[in-house]
Amino acid sequence: MAIPLLSPDPFQRRGQLASQYKAIEGPTLTSLFPKGTDITRFSKIGILRGVQLEYNNLSEATKKSAADKLDEAVRLRTQAMPLWPVGTVAETRHWDWVKVLEDIVKLLRTTAQPSGVAIRQNIVQSTPENIANDKKAWVNVDLDIYLQQIAHWRKTLGDIWRNAAGHSEQMSQADIATGCAVRYFQLEMAATLKSNRKWYGAYGSYSKETLDYMKETGADKAPGEEGTGYDIWKLSESLKQKNVKEIQSELQKAEFTGFPQEHARWIVADKARHIDPLVTWLKDIIKRTAKRRNAFTHHEFLTAWLLYTDSRRMVWAWRLALREAALKRLLELEEASQVWHKITARSGTESPIPAAIGRRVAAMNKYVNDVESVTGFAVAHSWADYATVMMNMGFFTFQLLRGVGFLLDANSILRRWPNVPEAVKAEQFCNRYQSFIYPVLGRRPTNENEWKRELKEWIDESRRQKEKDYMQKRLEDYTLLDRYGKGWARLAVIEDSLSLKKSDLEMTQGTPQWWEAIKAQAKKDLRTPSAGPVYQKVLEAGLDWDGTVREWVSALGNSSWITERPKVEYYLNMFKPSADWFESVVD
């Protein structure tokens, strides 16, 4: 028989492996007991002891065949193990069952001689206590693992939300993490449905037997808790008293209302209309189940609604602090837009962008005052962080601030500054905004040649800025984020399509690593402070592009830093940065 090819996708691969080892385990274990024996009620230790008792009643051919088949099941389960979350109860329970299967294989391969009796007895007696004391039926081992996995990610998100609620700078990360978790659940639950059909009734709803099992056992019960399995059953009961319109009305409250459709789509993220990922998921499930009218019994809906109610319950302890932090973040964005207004007003043009930002901030403020979930507050931070990144691209497209960056780095390359506050803070500024100052190189130049090559690219770009609505058209291109090394922000907030592959943020590699990866990437791509306050202080210092900074930068670009060093020094001496310029953007 040909060996089926396994998918490279971790979710499909695990489902394929599950279908294979399940097809082996049930029939093979049944063949080791007298016909008519209901082994579905046996515990794991019960199965092992049962095989020990039946050993002498089995033919050598049956024992050999069963041992070989169960050996294959062990191999398939072991192959699936790296695809499970590391260090979780679900993983432990999976290894427990693999251990039982391995012991059954060892037992079947013992001899019928007297010495074999002692070996078989020792195999059974050496079973670890956690397995020996587990009274749950072996046939539910995968359902237990599945529920424990849901409980694990439920706790993970709860911890993330709670942590972000106390540290507002992590709120956008919490929003992105929720979005990743939703995609993970969707893939996970689709694969589980495919490989465990007996848990479900019609059209993706849990069967009555499965819900009864959740109610009776708690499945993933922790000390003093009823467990996620029980909570899912309880939700399914409470939803019997509701209709779809009631739920849709509740979800409507979590959406943005009254938001103007701006021409400046790039700044308000209208392309994605990003809202609470849990709300998006729930609305999608209701839409998918509309014809069957089984939304409230659908396995995805029950998990999504459970998480959504968790987020809503959690908000009550944090509501005032969450609202204050979100309003403060939105105010920072509006203040940056006013700097933008001053910049364009000085050149005699009127940009529509500050007004667009103001309208969106006003609408977002209303949303923040009405929102009823931690994940809803997190959306406000994601939008503000994303819009700040986009505005920073604009601030550095305006010539003045980019010219300041070039002059700062010329001083650094020529090692002209001692270790003084101005130099230290200037270094931090250049490091933080290097992708904005040098989008082609992607980093700070380290020598004269690199500095001048980047300047040439900038001059070529400046010629294009004379085109009508250049800034508007340029920043409406979402892919421009990639040029500035911020492609992850585009995927996370606009495209909403972060990869779950091993090379990116594969969630099956363990919660701590996954969450730390999101935090690190979000800090790099999203948590960049607005450059607006720096621009404001540079203007207040009397610098401008046409009168001073362009002359200095051009002189450095047209001079040899080696043979014409006195001339270079002359122009750099005219540039006198202040440490105060960078106070708002450095650590």
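Biologist: How many disulfides does the count come to here?

Modeller: The count comes to zero disulfides. Keep in mind that we are looking at a predicted model. The rule asks for a pair of cysteine sulfur atoms within 2.5 Å.

Biologist: Are the cysteines Cys180 and Cys430 buried or exposed?

Modeller: Cys180 has a relative accessible area of 0%, so it is buried. Cys430 is buried too, because its relative accessible area is 0%.

Biologist: Let's turn to a serine. Where does Ser238 lie, and in which helix?

Modeller: Ser238 lies in helix 10, which covers residues 228-238. With a relative accessibility of 37%, Ser238 counts as partly exposed, because that class lies between the 20% limit for buried and the 50% limit for exposed.

Biologist: What separates the C-alpha atoms of Ser238 and Phe296?

Modeller: A distance of 9.6 Å, although Ser238 and Phe296 are 58 residues apart along the chain.

Biologist: Now for helix packing. How are two packed helices described?

Modeller: By two values, the angle between their axes and the distance between the axes. Take helix 1 (residues 10-30) and helix 3 (residues 60-80): their axes come within 9 Å and cross at roughly 155 degrees. Angles over 145 degrees count as roughly antiparallel, so helix 1 and helix 3 are roughly antiparallel to each other. Their crossing is left-handed.

Biologist: Which residues make the contact between helix 1 and helix 3?

Modeller: From helix 1, they include Arg13, Leu17, Tyr21, Ile24 and Leu29. From helix 3, Ala66, Leu70, Glu72, Ala73 and Arg77 are among them. By class, the residues of this contact of helix 1 with helix 3 divide into nine nonpolar, three polar and six charged.

Conventions
Residues are numbered from 1 along each chain as its sequence is written. This is a predicted model: local features need pLDDT of at least 70, side-chain atom pairs count only at pLDDT 80 or more; totals for chains, interfaces and linings use all residues. Side-chain values use heavy atoms; hydrogens and water are left out. Buried means under 20% relative accessible area, exposed over 50%, partly exposed in between (1.4 Å probe, protein chains only). Helices (H or I, at least four residues) and strands (E, at least two) are DSSP runs, numbered from the N terminus. Axes are lines fitted to C-alpha atoms, for helices over the stretch in contact, and angles run from 0 to 180 degrees between N-to-C directions. Angles under 35 degrees count as roughly parallel, over 145 as roughly antiparallel, 65 to 115 as roughly perpendicular and the rest as oblique. A crossing is left-handed if the near helix is turned anticlockwise from the far one by less than a right angle, and right-handed if clockwise. Contact means heavy atoms within 4.5 Å. Ala, Val, Leu, Ile, Met, Phe, Trp, Tyr, Cys and Pro count as nonpolar, Asp, Glu, Lys and Arg as charged, and the others, Gly among them, as polar.
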